[in-house]
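The following note collects points for a colleague who is reading the model alongside its sequence. Please consider them in order.

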Amino acid sequence: MNAPQTAIPVPRAAEVPFVRLDAADRRLMGEVFGAIERVAGVAAFTMGEELETFESEFAAWCETDHAIGVSSGTSALELALRGLGIGRGDEVIVPTNSFIATAEAVTATGATPVMVDVDEDTALLTAAIVEAALTERTRCVIPVHLYGRSVEMEPLLALCRDRGLRVVEDACQAHGSRYRGRPAGTHGDAGCFSFYPTKNLGAWGDGGAVVTADAELADRIRLMRSHGEGTRHHHEMAAGTHRLHSLQAAILSVKLKRLDEWNENRRQAAATLRGALAGSDLILPEPTSADGDHVYHLFVVRTPDRDALRAHLGERGVSSAIHYPTPIHLQPAYADGAASRGDLPVSERLAAESCSLPIFPSITEAELESIADAVGSFSP
Ligand SMILES: Cc1ncc(COP(=O)(O)O)c(C=O)c1O
């Protein structure tokens with residue numbers, strides 16, 4: 001009797017994950033476990049030495065004077081704004097092509113986020129876009145170094161200096177990205193970072209930091225992150241809890257030592273992808289220059305056939321994502337804002353056409369080849 005015929009499974013191309021986190025690096029894991037054991041051994045879980053050590057290391061890495069560890073990138077933005085005295089009645093200009101946290105932080109202070117569009121080529125804010133949105137209530141601008149690419153800061157800083165506006169940089173995706181030699185986060189009054197696990201520098205949970213060269217602002221933010229408590233049981237302001245946990249600080253100290261190397265791996269992976277995809281119909285990320293460095297937190301390509309591209313990649317085992325499918329001004333949370341559909345067309349087009357391809361420091365040549373092959377065999 002013949003054996004029943006069964007379908008022979010077609011071998012699937014190697015799975016390419018969207019990100020690969022720390023568990024794949026045994027040596028790193030060993031060091032992190034050592035740091036966790038050290039913190040657990042002394043049972044100092046909030047504030048204290050581990051936090052102070054990480055803060056001074058991170059400030060030095062950012063080539064600035066102060067870093068204040070806080071509970072998330074969102075808290076970093078909120079505390080930076082509050083520390084600068086932004087609040088009710090003020091307007092803060094925010095690019096709508098960002099993660100919602102950029103606007104949420106403004107809302108949390110009581111100020112109004114004024115959503116504006118971005119430049120078509122870089123997907124970032126420009127001085128001209130900001131200038132067109134200024135009113136007599138504008139107090140601050142938040143340039144977002146989105147995807148890891150630095151915003152062109154000089155014209156923006158000149159405009160803000162002229163008009164007496166504060167600049168809070170959202171560098172949550174841009175650890176180490178430089179503009180004219182200086183790291184993201186150190187151009188304006190304050191720079192805000194997220195240590196969400198998938199970020200270029202990621203904690204094992206939530207975390208964030210504000211960096212600044214302004215000692216008084218740093219002191220205010222230090223107060224605000226922990227109940228406004230100046231000396232024990234003496235609360236100078238009602239501010240809540242926004243602390244970076246000591247465990248996270250200890251983990252971040254271990255990982256910070258590798259961050260330059262990881263950013264370089266991302267840049268090399270991006271160069272490989274850029275070369276391999278050069279002949280495709282996709283719009284690739286703008287090439288970088290001294291004025292617009294990139295640390296490739298994300299490698300975002302564009303095509304009008306985005307959803308078909310993603311389905312095609314998925315069938316070939318290549319993960320992808322969208323950053324972001326809905327611009328902030330079209331989120332239900334901001335339905336009562338001044339901008340509505342059609343008002344900010346570049347960002348709305350980016351939301352419809354952008355596709356983030358996998359990129360992470362440990363991505364292999366074979367994985368990059370799988371991405372290029374999958375994109376290469378796509379025809380809309
Ligand atoms: C551009 C941007 N801003 C702000 C944030 C907020 O950071 P967190 O998630 O740590 O609050 C993020 C994080 O996803 C981000 O990507």
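1. Arg258 counts as buried, at 15% relative accessibility; buried means under 20% relative accessible area, exposed over 50%, and partly exposed in between, with a 1.4 Å probe and protein chains only. Arg258 is placed in the loop between α8 (246-256) and α9 (259-277), helices (H or I, at least four residues) and strands (E, at least two) being DSSP runs numbered from the N terminus. Leaving aside residues up to four places away in sequence, Arg258 touches Asp25, Arg27, Leu28 and Glu31, where contact means heavy atoms within 4.5 Å.

2. On provenance, this is a predicted model, in which local features need pLDDT of at least 70 and side-chain atom pairs count only at pLDDT 80 or more, while totals for chains, interfaces and linings use all residues. Residues are numbered from 1 along each chain as its sequence is written, and side-chain values use heavy atoms, with hydrogens and water left out.

3. Helix α3 (residues 73-83) meets helix α4 (residues 101-109) with axes that come within 8 Å and cross at roughly 40°; axes are lines fitted to C-alpha atoms, for helices over the stretch in contact, and angles run from 0 to 180 degrees between N-to-C directions. This angle makes α3 oblique to α4, since angles under 35 degrees count as roughly parallel, over 145 as roughly antiparallel, 65 to 115 as roughly perpendicular and the rest as oblique. The contact involves Thr74, Leu77, Glu78, Leu81 and Arg82 of α3, and residues of α4 including Ala105 and Val106. By class, the contact of α3 with α4 has 6 nonpolar, 3 polar and 3 charged residues; Ala, Val, Leu, Ile, Met, Phe, Trp, Tyr, Cys and Pro count as nonpolar, Asp, Glu, Lys and Arg as charged, and the others, Gly among them, as polar.

4. α3 also packs against helix α7 (residues 215-224), at an angle of about 125° and with axes 9 Å apart. The two helices, α3 and α7, are therefore oblique to each other. On the α3 side the contact is made by Leu79, Ala80, Arg82 and Gly83, and on the α7 side by Leu217, Arg220, Ile221 and Met224. This contact of α3 with α7 comprises 5 nonpolar, 1 polar and 2 charged residues.

5. Helix α2 (residues 49-61) and α8 have axes that come within 8 Å and cross at roughly 40°. Residues of α2, among them Phe54, Phe58 and Trp61, meet residues of α8 including Ala249, Leu252 and Leu256. The contact of α2 with α8 divides into 8 nonpolar, 2 polar and 2 charged residues.

6. The structure holds 0 disulfides, a disulfide being a pair of cysteine sulfur atoms within 2.5 Å. Cys192 is likewise in no disulfide, the nearest cysteine sulfur, that of Cys172, being 6.5 Å away. Cys140 is buried at 0% relative accessibility, and Cys192 is buried with a relative accessible area of 0%.

7. Most residues other than glycine have a negative phi, and most peptide bonds are trans. Met47, although not a glycine, has a positive phi of about 55°; Met47 sits in the loop between α1 (26-42) and α2 and is partly exposed, at 28%. Tyr296 has a positive phi near 45° and counts as buried at 5% relative accessibility. The peptide bond from His323 to Tyr324 is cis, with omega near 5°.
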